[in-house]
Amino acid sequence: MQWNKDDIKQYIEVTEYVDTLLIPLMPFTMNMDKQVEKIVVQGELIKIFSSELERRFKGRIFLTPSFTYLSESDKGNGVEQLNKWVEEAMDNPFKHVFFLTFDAQWKKFESKMNGNLLWFPSVQSGDLNSEATKSMIKDQISQVMELIRSYW
Amino acid sequence: MSEKRKQVSRRQFLNYTLTGVGGFMGAAMLAPMVRFAIDPALQTSAQGDFKAVAQVDEITTEPQRIDWTIDQVDAWYESEVTKSAWVYKTEDGDILALSPVCKHLGCVVTWQGSEEYQDQFFCPCHDGRYYKDGVNVPNTPPAAALDVFQHKVEDGTLYLGKAVPREEL
């Protein structure tokens, strides 16, 4: 389920079937140094991954709007806010919470997070539209799907 | 009144102008009506929506997943959308292209997606199942059979159109 009117209408009717919350973590910066490209690619990948996971598991995954953070910011603060999101979401019957990120900085805070952190190393450069990258991403996504299914 | 030039009389002048103006107004009203009346004839035929997706001789009796992309125009943006179908030849040689979208809550089903049911489609979300012909297995969550893509074959190429629910076939 996506954060749009049609999906939410459907979600309200079938809440009990949608037991998995997926929160994509989207890094952002306006600091145009050599890091910026990497951060942008991470963001694009997050979008591709989360929308594809939502498409494949539409009836069971609720995809929230991306949690956007300054890539330099203190992750401790971010964790606090994220846990508030989760707390709020738990009013609905969610059994599983996943955070999706390509940013290794979150890894250190994993134990404080109220949910499972799915961190993956990302392609750092190269063309996201090239056939080779596409098939690699597809492959990665199907592995993530397996991982999520193992929690169900 | 001797020099009676070829003058336009007041009556004629009014006649001309009123017919002219009235004609325009009439046309302005009629044109859209005519447009609406013949609209179905002007619509690009459904043929245009068909996409070549595979060669017929690659299709076996085992369902295969075929992906293709279409340009989808939503209200605010245009995007390239990947579509998928499970395609196979039925026993009487016909081609059946099933939509992979589960009729329960819209997840994507896979052929042989479950170890236990090797000759069925399986939905990973809530264990919905469908027989090979796309009909839902009773007592699993889905309440309807998988949608079927309209298809046609030209020169050995398979074209797929829109997915339609079973009842409408």
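**Figure 1. The two domains of chain B in the predicted model.** The domain assignment of chain B gives domain 1, covering residues 10-41, and domain 2, covering residues 46-168. In this predicted model, the centres of domain 1 of chain B and domain 2 of chain B, taken over C-alpha atoms, are separated by 51 Å. Chain B holds 2 helices and 9 strands, and their order along the sequence is α-α-β-β-β-β-β-β-β-β-β. The radius of gyration of chain B is 29 Å, well over the 15 Å that the globule rule gives for 169 residues, so chain B is more spread out than a compact globule. The C-alpha trace of chain B spans about 110 × 35 × 30 Å along its principal axes. Of the 169 residues of chain B, 20% count as buried, and 37% of the contacts in chain B with a separation of 6 or more are made by residues 24 or more positions apart.

**Figure 2. Helix α1 of chain B and its kink.** Helix α1 of chain B runs over residues 10-37, and its 28 residues should span 40 Å at 1.5 Å a residue, which agrees with the 40 Å between its end C-alpha atoms. A kink of about 25° lies in α1(B) at Leu30(B), shortly before the proline Pro32(B). Of the 28 residues of α1(B), the number buried is 0, so this helix lies largely in the open.

**Figure 3. Contacts between chain B and chain A.** In this view 9 residues of chain B are in contact with 9 residues of chain A. On the side of chain B that touches chain A, the residues divide into 6 nonpolar and 3 polar, with no charged residue.

**Figure 4. Two loop residues of chain B with positive phi.** Most residues other than glycine have a negative phi. Asp127(B), a residue other than glycine, has a positive phi near 60°, and it is found in the loop between β6 (120-122) and β7 (129-131) of chain B. With 15 other C-beta atoms within 10 Å, Asp127(B) is partly exposed. Asn139(B), again a residue other than glycine, has a positive phi near 70°, and this residue lies in the loop between β7 and β8 (148-154) of chain B. Asn139(B) has 6 other C-beta atoms within 10 Å and is exposed.

**Figure 5. Overall arrangement of chain A.** The secondary structure of chain A comes to 4 helices and 5 strands, which follow one another along the sequence in the pattern α-β-α-β-β-α-β-β-α. A compact globule with 152 residues would have a radius of gyration near 15 Å, and the value of 16 Å for chain A agrees with this. Along its principal axes, the C-alpha trace of chain A spans about 45 × 35 × 30 Å. Buried residues make up 26% of the 152 residues in chain A, and among the contacts in chain A between residues at least 6 apart in sequence, 69% join residues at least 24 apart.

**Figure 6. The buried residues of helix α2 of chain A.** Helix α2 of chain A (residues 36-56) has 21 residues and reaches 30 Å from its first C-alpha to its last, close to the 30 Å expected at 1.5 Å a residue. Its buried residues are Gln42(A), Gly43(A), Leu45(A), Ile46(A), Phe49(A), Ser50(A), Leu53(A), Glu54(A) and Arg56(A). The elements against which the buried residues of α2(A) pack are β1 (20-28), β2 (61-63), β4 and α4 (131-151) of chain A.

**Figure 7. The surroundings of Phe99 in chain A.** Phe99(A) lies in strand β4 of chain A, which covers residues 96-101, and counts as buried with 24 C-beta neighbours inside 10 Å. Leaving aside its neighbours within four places in sequence, Phe99(A) is in contact with Ile23(A), Leu25(A), Leu82(A), Met113(A), Gly115(A), Leu117(A) and Leu118(A). Phe99(A) and Leu21(A), which are 78 residues apart in sequence, are 8.4 Å apart in space from C-alpha to C-alpha.

Figure 8. Trp152(A) and Glu110(A) are 42 residues apart in sequence, and their C-alpha atoms are 20 Å apart in space.

Notes. Residues numbered from 1 in each chain as written. Chains lettered and ligands numbered in written order. Predicted model: local features only at pLDDT ≥ 70, side-chain atom pairs only at ≥ 80, totals over all residues. Rg over C-alpha atoms; globule rule 2.2 N^0.38 Å. Buried ≥ 20, exposed ≤ 12 C-beta atoms within 10 Å, placed from the backbone. Contact = placed C-beta atoms within 7 Å. Nonpolar A, V, L, I, M, F, W, Y, C, P; charged D, E, K, R; others polar. Domains from an automatic or database assignment. Expected span 1.5 Å × (residues − 1). Bend = angle between axes of the 7 residues up to and from the residue.
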